[in-house]
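Here's a quick briefing for anyone meeting this structure for the first time. Have a look at the model, then read on for the main points.

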Amino acid sequence: MRSGNPAFKESTFLDLGSGAVVSRDGGAMTLAGTSNKTGLLLLLAVLTGSWSWSQAFGADGTVNPNIGLYLWGGLLTGFALALATIFKKTWAPVTAPLYALAQGVFLGAISAMYDARFNGIVMQAVLLTMGTLFAMLFAYRSGLIKATENFKMGVVAATGGIALVYLATIVLGFFNIQIPLIHESGIIGIGFSLFVVVIAAMNLVLDFDFIENGVDQGAPKYMEWYGAFGLMVTLVWLYLEFLRLLSKLQSR
C-alpha cells in the first residue's frame, strides 16, 4: 500500500491478515517465485505420499498395522506445522516444506485406504483437484471471478460454517453420535459434499488474491513460501473433499 507515510516505503509490506507492517531487508515476493515454491511443496508431498502408500499394505495384501501411525502421525504433525507457519510467517521457508512432507505421509496413507475400497478413486480425485486449480486460476486471471470484499466475506463465512460442522462431527463422534444424512451416500450427503467442494475451490481465489496482493505490495521474499503454503493447505482440503464426494458416489 503506497502512501506518504515513511513506514509504508518499498521495503515494507502490510500484512492484510494482522494489519502489521513487515520489514523487507532482502528481495521481494514474486509470482514466479511463489509458483516455483508451490511446485516444490507439491513434489515433496508426492514423494512422501508415495512412500506411505507403498507401506500401507504388505506383500500379501494385508493392511500394515502401522498404517494408522502414518495417517495420524502425518496429520497431527502437519497440523502443528501449519499452526507454527500461520503464527510465525518468517518460519515459512522451513515449516512449509516440513508441512508438505508431513501431509504427504498422511495423504499417501489415507489415499491407499480409499483406493483399496474404491479402485481408481485416487487418480480421479487428483485429476479433479488439478483441473479445479487450473480452472479457478484461469477464471481469476481472466476476471470471470473477482475477489471482492463481499465475495471474500461469503467464502470465509461458508468455510467457517463447514469447519464448525466438521468440529461438531469429531466431538459428537467421541460419544458415538453421528450427524445424520450429510456424511452418508444419499442425495443430501452428496449435495453437502458438492457444496464443500465448491467452497474449497472458492478458497483458491482467496489464495490467488493474497499472493497477488503480496507481490503488488512488495512483500518480503519469505512470503513466497507462505503463499505457497496457503495454496497447499487449500489443495489438500480440496483433494480430500473430492475423495469423500467420489466415495459417496461410488457407494450408491
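Take helix H5, residues 149-173: its 25 residues should span 36 Å at 1.5 Å a residue, and because its end C-alpha atoms sit 36 Å apart, the two values agree. Keep in mind that this is a predicted model.

**More on H5**
- Among the residues of H5, you'll find Phe151, Val155, Ala158 and Ile162 buried.
- What do the buried residues of H5 pack against? Their partners are H6 and helix H7, which covers 223-251.

**H6 and what comes after**
- Helix H6 takes in residues 187-216, which makes 30 residues.
- From its first C-alpha to its last, H6 reaches 44 Å, close to the 44 Å expected at 1.5 Å a residue.
- Once H6 is done, glycine 218 follows, and its phi is positive, near 70°.

**The chain from start to finish**
- How many helices and strands does the chain have? The count is seven helices and two strands.

**Burial, contacts and surface**
- The chain has 252 residues, and 43% of them count as buried.
- Looking at contacts in the chain with a separation of 6 or more, 78% are between residues 24 or more positions apart.

Technical notes: Residues are numbered from 1 along each chain as its sequence is written. This is a predicted model: local features need pLDDT of at least 70, side-chain atom pairs count only at pLDDT 80 or more; totals for chains, interfaces and linings use all residues. Side-chain values use heavy atoms; hydrogens and water are left out. Helices (H or I, at least four residues) and strands (E, at least two) are DSSP runs, numbered from the N terminus. Buried means under 20% relative accessible area, exposed over 50%, partly exposed in between (1.4 Å probe, protein chains only). Contact means heavy atoms within 4.5 Å. The expected span of a helix is 1.5 Å times one less than its number of residues.
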